[in-house]
Amino acid sequence: MGKRYVVIWFRFLLTDYMIRRQPDLKGTCFVLTEKQHGRIVVTAVSEAAYQKGIRENMPLADARIYVNDLLVVNSDDQLPERLLRDLAEWCIRFTPTVSFELPDILLLDVSGCTHLWKGEGQYLRALFTRIREFGYTIFAALADTIGAAWAVSHFVGNRIIPPLQQWETLHSLPLHALRIDIETVERFNKLGIRTIGDLKTISPSSIKRRFGDLVLSRLRQAFGEEEEIITPITTISPYTERLPCLEPILTRKGIEIALSKLLEQLCSRLVKENNGLRKCLFKCYRVDSKVIELEISTQRPSNSISHIFMLFENKITTIEPALGIELFVLQAPQVEKLSPALQPLWEPAAIDNKRLSELIDRLNCRQGIEVQRYLPAEHYWPERAYRLAVSLDETLTTWPLNQYFPLIIFTPPVKITVTAPIPDYPPMNFRDTRDTRLHTIVKSIGPRRIESEWWIEERKHRDYYLVEDTDAGRYCIFRVGHYGSDTTEWFLHGVLP
Amino acid sequence: MKYVELQVTTNYTFLVGGSHPGEIITEAAKLGYSAIAITDRNTLAGMVRAYAAAKQTGIKLIIGCRLDLTDGVSLLVYPKNLEGYGDLCALLTTGNRRTEKGKCLLRKEDVYGLKACKFIVVPPSTLEERALPEHYRKCVLEYAERFSAGSMYLAMSRYYLGDDTQLLYRINELADEIGCPIVAVNDVHYHSAERRQLQDVLTCIREKCTIQNAGFRLLPNAERHLKAEKEMERLFRQYPKALQSTIDIAAACQFSL
């Protein structure tokens, strides 16, 4: 099945949006302007202004001739992109692959979606009507290729082009419909080529030679001979956690437990993304279908469980469980990036770290110095038993003392040759392959056998030994695999200085 | 046969053991064991299956139970005859009746009332500050006074956690101090090393966490499986008496279902 695309062209995107925001602008003539090369130029017109004859890229002075009391409205540069992005996210209910193109286009890949609306006609009509209800003037076209849909929406109107019928539709359209710039179109016109049909009769190599790759590419994209790819937008999943209860909760303690469980899940996600919430909504769904909502907001983004719980604590007394609450939902409608300096305010343990953190910052600025902090991670496998701390304020869990953990760890472990009595007694000496020095071992403890963490990777087990040689150097070495097999290898994993 | 495995946890200790009693017995038969004991925690539930499998393969099954006490170190108990078995069953019933279904509440005082049984004290898994944990030492001294002479043993296992040699040495030292024999066990949780992955998953279910978050709650190695006789001899080569004790206990327990 071939691909099908919808292109939606917002004829008056910005001005229709202005009318939505201020309904009394409806029907009036107003424009959006911008300063270009020293004069003020109209960049967007309202529908009423368009009817009166005002066009985009017309100087404002000229526009004032058409309409005396023309209203000029302010807007910001980011507005078109924000609008189109929001509209594109809204369109996800019609198809998962949506993209937008400035200044005023939405591209939808609707292959495989239309049958859910029982046909392409119903699909396009539904889409069209819903967007019209927002107040936007649009032209929408559905075709095999983006190029064809674009051309039809801009130069024909609302149409559905059946599959493989691009030629019939496109051949009579002017060259502007191919998305190439005005100068090239005028050059073509001088040569007598006015429609897409005319262009198709010329051999591709001559077009390429005289007008470049872009024209040829656009032509081929329109007819589906070249692929055009859209990069769909991605949406962030909303910050919502829910907790259904097997039995309706009646007690205050139960509600507090539910809230802290949900906060744990929500805050761990926020912490991972280095975000904090500004607003938090706690909803309780009662057995009798009534919903109780509690909302808190913070001055600065926060992802601290204790702090947010404290903010909710006073409000919990106002919850009336009546017959019981069967579902708890915790949402964070407003989430912002967390600035790291704010964290110490919530954790009382990290008070005096200010001077320490300043020292570390000063050291890090110097050439050749990098300060890192390691925290223990709960893994038996030494390569994974430590992790880099993200910030100075992470609290320490204790380092497990009974592990054979070298203070300086070599990644990857260094290969050594060893003389050891089989099967698993500590070695008598070992030779470091890097400098071929022989270390005679006087003391050793072990073996400590560690199997691989099978949910991460499958490896042979390792037997670890801590050994001390005649120079009182202490080393952490291990053997891979069982004694019986031929492929036993020994490695030096680190030193304890 | 120079060794009898005396500490075996089957899946009848829920979410701890990783093999069926039948699988344990079959594997033991394959390894050439002449006798084996099953010691599930605070229950004798797995005995019937174990007995059926043992009858089929011709291995002698020694009835045993691991008593987890609220106020003392855990004990492995093996009734020597019908009277001992009856006492053990009555004890377990008392423990079950004291609390809710599925749990068993037992205290040291209850155990002191058992006669005609052999007791093994379960060893600690690691040393603390290079010495035996204080709690374990105190308990063992108390047990030594209360149990009749010759009925108590101190168990030692090689856990392969790194301080095995020191641990065995300390237990042996304590045993000499109180005049009590030592016995070797392997703390078996599954019949063969491949079961380790399943046992890890069972641990996660028990601890209600995901496998990625389990961390140190899982055992680090796969040594808790039934081992061959030669291997046990090698592991306890410095303590041959410990191996002999297993034979003695197996011989003393003549009770059979």
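Residues are numbered from 1 along each chain as its sequence is written, while chains are lettered from A and ligands numbered from 1 in the order in which they are written. Because this is a predicted model, local features need pLDDT of at least 70 and side-chain atom pairs count only at pLDDT 80 or more, whereas totals for chains, interfaces and linings use all residues; side-chain values use heavy atoms, with hydrogens and water left out.

Visitor: How many helices and strands does chain A have?
Guide: Both kinds of element are DSSP runs numbered from the N terminus, a helix being H or I over at least four residues and a strand being E over at least two. On that basis chain A has 14 helices and 20 strands.

Visitor: What percentage of the residues of chain A count as buried?
Guide: Buried means under 20% relative accessible area, exposed means over 50%, and partly exposed lies in between, with a 1.4 Å probe and protein chains only. The accessible areas come from the Shrake-Rupley method with a 1.4 Å probe, and for residues only the protein chains shown count as cover. Chain A exposes about 27900 Å², of which carbon and sulfur atoms supply 53%. Of its 497 residues, the part that counts as buried is 44%.

Visitor: Which elements are included in what covers the buried residues of α1(A)?
Guide: Helix α1 (residues 13-21) of chain A has 7 of its 9 residues buried, so it is largely enclosed by the rest of the structure. The buried residues are A:Leu13, A:Leu14, A:Thr15, A:Asp16, A:Tyr17, A:Met18 and A:Ile19. Their cover includes, from chain A, β1, β2 (30-36), β3 (39-45), β4 (71-73) and α4 (79-90).

Visitor: Which residues does A:Leu323 touch, not counting residues up to four places away in sequence?
Guide: A:Leu323 is found in the loop between α13 (305-316) and β12 (325-337) of chain A, and it is exposed because its relative accessible area is 62%. A:Leu323 and A:Pro248 are 75 residues apart in sequence, yet their C-alpha atoms are 7.5 Å apart in space. With contact meaning heavy atoms within 4.5 Å, the residues touched by A:Leu323 are A:Pro248, A:Leu250 and A:Val287.

Visitor: Is A:Arg4, which meets A:Glu120 in a salt bridge, buried or exposed?
Guide: A salt bridge is a side-chain nitrogen of Lys or Arg within 4 Å of a carboxyl oxygen of Asp or Glu, and the side chains of A:Glu120 and A:Arg4 meet in one at 3.0 Å, N to O. The pair links distant parts of the chain, 116 residues apart, with A:Glu120 in helix α5 (residues 120-134) and A:Arg4 in the segment before β1 (5-10) of chain A. A:Glu120 is partly exposed, with a relative accessible area of 23%. A:Arg4, at 5% relative accessibility, counts as buried.

Visitor: Which residue of chain B forms a salt bridge with A:Arg449?
Guide: Chain A and chain B bury about 2100 Å² between them, 52% of it on carbon and sulfur atoms, where buried area is the accessible area (1.4 Å probe) that two parts lose on being put together, summed over both. In chain A, A:Tyr380, A:Arg449 and A:Trp454 lose the most area to chain B, together 33% of what that side buries. The count between the chains is 1 salt bridge. With the closest N and O atoms 2.7 Å apart, the partner of A:Arg449 is B:Glu223.
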